[in-house]
Amino acid sequence: MAEFRLETGRLALRGWCDSDIAPFHAMCSDPRVMEFLGPPLSHEETAAAVSRMQHLQDTIGRCFWAIERQEDGGFIGFCGLKPGPVGTPIEGCTEIGWRLAHHAWGHGYAHEAARAALGWGFADRPDDAIWAITVPANRRSWGLMERLGMRRHADLDFDHPALSADDPLRRHITYSIRCLP
């Protein structure tokens, strides 16, 4: 399979390489980045996450792709499309997701990457909608969803089955988009 690469004006969304593990681990160890995602990840958990993304790319041709800045090749996070989590309202649907290193916040990179991923998804996938989930407190994430033209589905709010009943991040909200505005 050819190496995946989707370019925007400033970014490249691409398949993961082993050299991404160290900067991804630094990102996933940052409490600011992980505030609404769960506890910081160990090096082993980070490597396992990269391996899962590589497997998804190899088997279904999509994942939450690594993002690098085109100007310097610097790793800044991920954005892409994968199957929605099992046991959630978006199971079996295409989910868009993103996570950026703190130093990359506030530059419009998440919006740029997400628009590219959505554009690719609607052009190259048979999906009639692309979905996203987050915790209600993650205003930056659902704010981006709304700026992208996504619509909230309050009737599909749910408790994430992968999280314990007492986890403050268990409650999730659901958004979707049917096409790019």
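Reply: Start with two residues. Phe4 is buried, and so is Trp120. Buried means under 20% relative accessible area, exposed over 50%, partly exposed in between (1.4 Å probe, protein chains only). This is a predicted model: local features need pLDDT of at least 70, side-chain atom pairs count only at pLDDT 80 or more, and totals for chains, interfaces and linings use all residues. Residues are numbered from 1 along each chain as its sequence is written, and side-chain values use heavy atoms, leaving out hydrogens and water.

Me: How many aromatic pairs does the structure hold?

Reply: Rings of Phe, Tyr and Trp (its six-membered ring) pair if their centres lie within 6.5 Å; planes under 30 degrees apart are stacked, over 60 edge-to-face, the rest tilted. Here there are nine. Phe4 and Trp120 pair edge-to-face, 5.6 Å centre to centre with 90° between the planes. They sit 116 residues apart: Phe4 in the segment before β1 (5–7), Trp120 in helix α4. Helices (H or I, at least four residues) and strands (E, at least two) are DSSP runs, numbered from the N terminus.

Me: Which residues do ring pairs link into a cluster?

Reply: Trp16, Phe24, Phe64, Phe75 and Phe78.

Me: Why is strand β5 largely enclosed?

Reply: Seven of the seven residues of β5 (residues 94–100) are buried, so the rest of the structure largely encloses this strand. One side has Thr94, Ile96, Trp98 and Leu100; the other has Glu95, Gly97 and Arg99.

Me: Which strand do seven bridges join to β5?

Reply: Strands pair if DSSP finds at least two bridges between them. Here β4 (residues 75–83) is the partner, running antiparallel to β5. Pro83 bridges to Thr94.
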